[in-house]
Amino acid sequence: MAQIITTPPNLPKAQNAEVGASKFCPGCGHGIILKSLAQTIDELDLQEKAVFGCDIGCSLLSWNYMNVDSVQTHHGRTTPVIYGVTRANPGTVGIAYMGDGGGLAIGAQHLVNATVRSENMLILLCNNTNYGMTGGQMSPTTMPGQKTETTPYGRDCEVTGRPAKGAEMVAAIANPEKSYVARASVGNIRNLKKVLKRALTNVEKGGFSFVEVLSLCPLNWRTNNADTWGRLATMEECFEVKEFVVREGLE
Ligand SMILES: Cc1ncc(C[n+]2csc(CCOP(=O)(O)OP(=O)(O)O)c2C)c(N)n1
Ligand code: SF4
């Protein structure tokens, strides 16, 4: 007879341990990003200071994922909601979590304004190269030739333009004296956590941080396990994984 395992998983304190708090598809990258975030919040002892906001899109499935004060917003509006909270409550470590659609399409103007104003917050963008929640349409970061629901023959950059490079765009307009800008990947969790630690440390010091994370969407990519990780490797060739802006003195 199969043994039923009743030992609770060893979750970070900043992650909600309730059964059912994770609603992502099997193999989704959102869970890897969020667990890494929760572990980093624990490590920096920020649970009481952190306010987490999630967008519309699959990121909204994290509305009860974190064990920190949380708010769920309209599509593309998580950035202004979180800097509003942070401005009204100095000392808050505000985190706005969104997809590539939420950050680089409908919420792009907020990303630009938060960056040039060096709002005191972390914008954490999950780049899975499609509109996940609505069934896998082309998004700003869909790669050249990538098949989606709305580009069934592959993205034609002559017609739809080239993929948006979020971290490069933000780095070009960020104030280097106050900002931390990086791109990481769920394929390297050790590096992802290092990046998140620097990003949150910068926010705690009053700065602005932007982190884009290359992520997985096996449901809409229609990929098996091997092809899912193969797709991530292609993404890492298209979107450079590195730190773009590191404020001086940041550990
Ligand atoms: C104002 C508004 N416009 C459009 C939608 C429809 N909509 C819901 S989720 C979504 C796209 C989500 O894609 P993304 O932000 O990349 O996140 P993902 O689901 O891939 O994590 C869209 C267009 C909406 N809910 N509200
Ligand atoms: S549709 Fe994609 S991004 Fe959304 S939960 Fe499923 S795998 Fe994750």
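Guide: What follows is a set of questions about particular residues, strands and ligand shells, with answers that go back to the definitions.

Guide: This is a predicted model, in which local features need pLDDT of at least 70 and side-chain atom pairs count only at pLDDT 80 or more, while totals for chains, interfaces and linings use all residues. Residues are numbered from 1 along each chain as its sequence is written, and chains are lettered from A and ligands numbered from 1 in the order in which they are written.

Visitor: Why is Gln3 called exposed?

Guide: A residue is exposed if 12 or fewer other C-beta atoms, placed from the backbone, lie within 10 Å of its own, buried if there are 20 or more, and partly exposed in between. Gln3 has 5 other C-beta atoms within 10 Å, and therefore counts as exposed. Gln3 belongs to the segment before helix H1 (30–43), where helices (H or I, at least four residues) and strands (E, at least two) are DSSP runs, numbered from the N terminus. The C-alpha atoms of Gln3 and Ile33 are separated by 30 Å, and the two residues are 30 residues apart along the chain.

Visitor: What makes Thr129 buried or exposed?

Guide: Thr129 has 29 C-beta neighbours inside 10 Å, so Thr129 is buried. Thr129 sits in the loop between S4 and helix H5 (157–160), and has a positive phi of about 60° although it is not a glycine. Most residues other than glycine have a negative phi. Asp45 also has a positive phi, of about 55°, without being a glycine; Asp45 lies in the loop between H1 and strand S1 (50–54) and is exposed, because 10 other C-beta atoms lie within 10 Å.

Visitor: How do you know that strand S6 is largely enclosed by the rest of the structure?

Guide: Seven of the seven residues of S6 (residues 208–214) are buried, so the strand is largely enclosed. Both faces are covered, with Phe208, Phe210, Glu212 and Leu214 buried on one side and Ser209, Val211 and Val213 buried on the other.

Visitor: What makes S5 and S6 a pair of strands?

Guide: Two strands pair if DSSP finds at least two bridges between them, and strand S5 (residues 179–185) is joined to S6 in the parallel sense over seven bridges, with Ser185 opposite Leu214. Strand S4 (residues 122–127) also runs parallel to S6, with six bridges between them, and Leu124 has Val211 as its bridge partner.

Visitor: What shows which residues touch the most other members of the largest nonpolar core?

Guide: Such a core is a set of buried Ala, Val, Leu, Ile, Met, Phe, Trp, Tyr and Cys residues joined through C-beta atoms within 7 Å. The largest one has 62 residues, of which Ile95, Val181 and Val211 touch the most other members. Two residues are in contact if their C-beta atoms, placed from the backbone, lie within 7 Å, and the contacts of Val181, not counting residues up to four places away in sequence, include Ala167, Phe210 and Phe244.

Visitor: What puts a residue in the shell around ligand 2, and which classes occur there?

Guide: A residue is near a molecule or strand if its C-beta atom, placed from the backbone, lies within 6 Å of it. Among the residues around ligand 2 are Cys25, His30 and Asn128, and helix H8 (residues 218–221) gives the largest share, three residues. The shell has eight nonpolar, four polar and no charged residues, where Ala, Val, Leu, Ile, Met, Phe, Trp, Tyr, Cys and Pro count as nonpolar, Asp, Glu, Lys and Arg as charged, and the others, Gly among them, as polar.
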